[in-house]
Amino acid sequence: MEMSILKVPVITVIVGEGGSGGALGIAVANRVLMLEFSVYSVISPEGCASILFRDAALAQQASQALQLTAKDLLKHKIIEGIIPEPLGGAHANLAQCAADIKAKLLTALDDFKTYDAEKIVAQRMTKFRDFGAYIDTAIHTSHKTIV
C-alpha cells in the first residue's frame, strides 16, 4: 500500500523468479522489466497444478497456462520491457547483464523526467487499475476439464 503512493518512480526488475506473495509488491511499480529468461507469476506451476488438476506432476501444463515468461507477460501488458540476457544467460556474464540492466533502468527513469509527483502516482495507479483483462478459456487435461 505504501509503495502505491510513493512520489518517485518505482522501477521493478525481475532477475530470476518473481512470484507468490511478492508478485503484488513487484507489480506496484511505474515500470516492470524482466530479464529475458526470468519468470513471474502469482503461483508456482506446481502449486497451480495441485489446485487446478489435483496433481503437481502436471506442472508443465500449468506452466503453459500461466504464461509466466517475459515474452508472454509483455504481450499481455503485465510488464513493460524485456532485458536481453547475454549468451549463456545472465550468470554467464554478470558484468554485461548489470550494464544492460543499468541501461534499461536509466531509460525507464528518463521517461519520468517531466512528471511531477502527482503525475507519477497517478500513472502508477492507472497502470495498476488497468490490470484485470482476461481471456476466458478452458484448460483441458486427459481426465477433466476446468473452466
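Met 3, Leu 6 and Val 8 form a nonpolar surface patch with about 230 Å² of accessible area together. Patches comprise residues with over 30% relative accessible area and no salt bridge, nonpolar side chains (Val, Leu, Ile, Met, Phe, Trp, Tyr) being joined within 5 Å and like charges within 9 Å. Accessible areas come from the Shrake-Rupley method with a 1.4 Å probe, and for residues only the protein chains shown count as cover. The model is predicted, with local features requiring pLDDT of at least 70 and side-chain atom pairs pLDDT 80 or more, whereas totals for chains, interfaces and linings use all residues. Residues are numbered from 1 along each chain as its sequence is written, and side-chain values use heavy atoms, with hydrogens and water left out.

Met 3 is found in the segment before strand S1 (11–14); helices (H or I, at least four residues) and strands (E, at least two) are DSSP runs numbered from the N terminus. With 33% relative accessibility, Met 3 counts as partly exposed, a class lying between buried (under 20% relative accessible area) and exposed (over 50%), with a 1.4 Å probe and protein chains only.

The largest nonpolar core has 12 residues, among them Val 10, Ile 14, Val 32, Met 34, Tyr 40 and Leu 73. Such a core is a set of buried Ala, Val, Leu, Ile, Met, Phe, Trp, Tyr and Cys residues joined through side-chain atoms within 4.5 Å. Two or more residues are given to this core by each of helix H1 (22–27), strand S3 (31–35) and helix H4 (70–75), and H1 gives the most, with 3 residues. Ala 23 is in contact (heavy atoms within 4.5 Å) with Tyr 40, Ser 41 and Val 42, not counting residues up to four places away in sequence. A second, separate core of 10 residues includes Ile 83, Cys 97, Ile 101 and Phe 112.

The structure holds 3 salt bridges, each defined by a side-chain nitrogen of Lys or Arg within 4 Å of a carboxyl oxygen of Asp or Glu. In one of them, the side chains of Asp 111 and Arg 31 meet at 3.5 Å, N to O. Asp 111 lies in the loop between helix H5 (94–110) and helix H6 (117–129) and Arg 31 in strand S3, so this pair ties together parts 80 residues apart in sequence. Arg 31 is buried, at 17% relative accessible area, whereas Asp 111 is partly exposed, at 38%. A salt bridge also joins Glu 80 and Lys 127, with the closest N and O atoms 3.5 Å apart.
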